[in-house]
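Please keep the sequence and the model at hand while reading.

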Amino acid sequence: MIILVKKVCLINMKGGVGKSTITVNLAHHFAYKDKTNRVLVVDLDPQFNASQYLIGPASYKEIIENERPTIWNIFEQFTPMPGMSKSSQLDPTKIIHEAKKIYNHGHIHLIPSRLELAYSLKNPGQKEQLLAKFLKKVEDDYDLILIDCPPTESLFTTAAYLSSNHILVPVKPEYLSSIGLPLLVNSMAEFKKQYEDHKLELAGIMFNATTNYSPEERKSKSEVKGIAEENGWYVFESEVHFSRSYPKGAREGKPISRTSYARYSKAANFSAFAEEFSKRVGL
């Protein structure tokens, strides 16, 4: 069976590596392409950074205050709630929100997260496959699905693996940059033992927010590349350079290519990485 949609989870067991920023910028990059312009972002992190980046704080607040469905509803659809009738079936049109509509008929859709998603961890039983089952119903509507994951091993990690066919690992080349990689090695190994029939490949490790500061950055990269070589993991040749325009873009709700006063070289740098990513996952 040929899988048309590419489903990629962005994960690292260490936080602060820029997963949400990379996720949103990749979503914008491909939404402007002719052949990959139907993009869905799944915010699987209770901190909901990708959600706010994509739709802005005001629109996000409206979703929460009006109790519109989020990814929390996917994981809790079979959990009895006091005073509420048991839901029969989730309506994808209510859970999937339009984040961006692109002039070339492309779009970015979003399944937003919320802080309460963390409560799902208190009763994790039999919830790992719920996201994959939900995405299976809508995946034909998309060319690319990007899943922004939290930096911890939990049911959300398994849910992301089951919902993906590729993993992308962003890493910042700094002290303790490699701390999450041994955890990821064990996580993937345990997953493959438990779910032997699920095809999941590591697209590669990419260095984010690089500055070429020596010797610390050079040493950190060497440590990460050593772990990658031991496990046969690909390391992207294209690195995403540090730029203050990335947090500015998050405030403006724009990718690096459209952030006000962002340097062309920074936009071109991210584009080079995105194109290498495209080849790695077969877009």
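At what angle do helix H1 and helix H2 pack, and how far apart are their axes? The model is predicted, and in it H1 (residues 19-31) and H2 (residues 49-65) pack at an angle of about 40 degrees, their axes lying 9 Å apart. The two helices are therefore oblique to each other. The crossing in which H1 passes H2 is right-handed. On the H1 side the contact involves Ser20, Thr21, Val24, Asn25 and His28, which meet Asn49, Ala50, Tyr53 and Leu54 of H2. By class, four residues in this contact are nonpolar, five are polar and none is charged.

H1 also packs with helix H10 (residues 264-281).

| Helix pair | Angle | Axis distance |
|---|---|---|
| H1 and H2 | about 40 degrees | 9 Å |
| H1 and H10 | about 80 degrees | 10 Å |

The angle of about 80 degrees makes H1 roughly perpendicular to H10. H1 contributes Ile22, Asn25, Leu26, His29 and Phe30 to this contact, while H10 contributes Phe270, Ser271, Phe273, Ala274, Glu275, Phe277 and Ser278. Seven of the residues in the contact of H1 with H10 are nonpolar, four are polar and one is charged.

A further feature concerns a single residue. Ser164 lies in the loop that runs between helix H6 (155-162) and strand S6 (166-171). Is Ser164 buried or exposed? Its relative accessible area is 2%, so Ser164 is buried. Apart from neighbours within four places in sequence, Ser164 is in contact with Lys7, Val8, Cys9, Ile147, His198, Lys199 and Leu200.

Technical notes:
Residues are numbered from 1 along each chain as its sequence is written. This is a predicted model: local features need pLDDT of at least 70, side-chain atom pairs count only at pLDDT 80 or more; totals for chains, interfaces and linings use all residues. Side-chain values use heavy atoms; hydrogens and water are left out. Axes are lines fitted to C-alpha atoms, for helices over the stretch in contact, and angles run from 0 to 180 degrees between N-to-C directions. Helices (H or I, at least four residues) and strands (E, at least two) are DSSP runs, numbered from the N terminus. Angles under 35 degrees count as roughly parallel, over 145 as roughly antiparallel, 65 to 115 as roughly perpendicular and the rest as oblique. A crossing is left-handed if the near helix is turned anticlockwise from the far one by less than a right angle, and right-handed if clockwise. Contact means heavy atoms within 4.5 Å. Ala, Val, Leu, Ile, Met, Phe, Trp, Tyr, Cys and Pro count as nonpolar, Asp, Glu, Lys and Arg as charged, and the others, Gly among them, as polar. Buried means under 20% relative accessible area, exposed over 50%, partly exposed in between (1.4 Å probe, protein chains only).
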